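Please open the structure in a viewer and follow the stops below in order. Each stop names what to select and then describes what is found there.

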Amino acid sequence: MEKANISGYQLFVLIFLFEMGSALLVPLAGEAKQAAWLVILIAMIGGFLLFFIYYGLFQYYPDQLLTEFVRSILGNFLGRIVAFLYILYFIYLAARVLRDFGETLLTFAYPHIPLFVANAVFILVVVYTVRKGIEVLTRTGELFFVLENLLLMTFFLLIVASGMIHLNNLKPIIEMSGTEMVKMAFTKTIFFPFGEIISFLMIFPYLNEPKRLKKIGISSIAASGIFLAIIMAVNIAVLGVDLTTRSQYPLLSLIQSIEVAGFLERLDVYFLFLLMIGGFIKISVFTYVAVTGTANVFNVKQPSRLAYPVGFVILLSSIIIASSFTEHIHEGLGAVPIYIHLPFQVIIPLLLLIIAFFKNRKKEGQHQKKFLKGGVDQK
């Protein structure tokens, strides 16, 4: 664990950008059609519940990383196995996001560049930043936070000025039943992007104001969830349900359709900037926690030495995890939520919290007995 401190504002910014990340690319909860934005908000509430599980673990072990306190809870042998599995999980997520942005970049801007080259350039920038530590990453996030918000504000103003918003496209608002929306939110949308905040259990101990973590976590999840819901609602209001759900990148289609005063059009650069910001922050966070976790589990004193090896593993994994982008998307929507996200985001953390609760209650009972016994002896 490096010697570093980050402020509450920096943590808020990093979580917000991380949550927005690759979620801007895809039609979140697209199967819900006009109710997609409602499903996102329901999933956001589920994200609060997951955060409280992670916050509970942090309260028991505020000075330990995820890869440390699993050993405190499960013992050294089993804890190391679980910690190593989490490292693999973070590497896998970094590889998935790298593949997402590499494929998008090729489709959108550089169709003749090999995927390996595009991903290699991206991961090199990420690794360089990760080697500098969490403080550099958070300061970079502060700059990108301002830029992304300026882009989004300008983007919404242009959409309104172009007169393309048709609220009738959002009707009927509730075509699905409430049960179906909750089921979709808690089986798919909750894991991506909200459940991925579990990676911040490797970052929370660096917060210089631990008492503010609950407020920071809830506000950052709420801000990102509301932004994503608004973006999805605007996508549907402008493009319609069919085009939004069929489009590989609905936000790109939306930006390409903007035309103001007959000359202000083809604003694809907006999408490119959002793509770079979201991809960089999300991959950097996953890479950083994978590097830090590896150093922690294997007792490497200088984590920065592991940045390039871990980055190379992420690069290779991004190429071999799927033979095509179609297969990559199919796995991400089908197998990954149930077989990967569910255990690592929900089941294991919940079990850890339960065990930690009983372990700490037992310790408190022993301390009380010692205190009472000491009082009796003094008498």
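**First stop: S220**

Select S220 together with I216: a polar atom of the S220 side chain lies 2.9 Å from the backbone oxygen of I216. The model is a predicted one, in which local features need pLDDT of at least 70 and side-chain atom pairs count only at pLDDT 80 or more, while totals for chains, interfaces and linings use all residues. Residues are numbered from 1 along each chain as its sequence is written, and side-chain values use heavy atoms, with hydrogens and water left out.

S220 belongs to helix α8 (residues 213-239); helices are DSSP runs of H or I, at least four residues, numbered from the N terminus. S220 counts as buried because its relative accessibility is 0% (buried means under 20% relative accessible area, exposed over 50%, partly exposed in between, with a 1.4 Å probe and protein chains only). Neighbours within four places in sequence aside, S220 contacts F12, I15 and F16 (contact: heavy atoms within 4.5 Å).

**Second stop: salt bridges**

How many salt bridges does the structure hold? There are four, each a side-chain nitrogen of Lys or Arg within 4 Å of a carboxyl oxygen of Asp or Glu.

Select K188 and E31, whose side chains form one of them at 3.1 Å, N to O. This pair links distant parts of the chain, 157 residues apart: K188 is in helix α7 (residues 178-189), and E31 is in the loop between α1 (8-20) and α2 (36-60). K188 counts as partly exposed because its relative accessibility is 36%, whereas E31, at 54%, is exposed.

Next, select R99 and E103, another salt bridge, with the closest N and O atoms 2.9 Å apart. Both residues lie in helix α4 (residues 76-108), four residues apart, and both are buried.

Key
Helices (H or I, at least four residues) and strands (E, at least two) are DSSP runs, numbered from the N terminus. A polar contact is a pair of N or O atoms within 3.5 Å; within protein, one must be able to donate a hydrogen and the other to accept it, and residues adjacent in sequence count only if both atoms are side-chain atoms.
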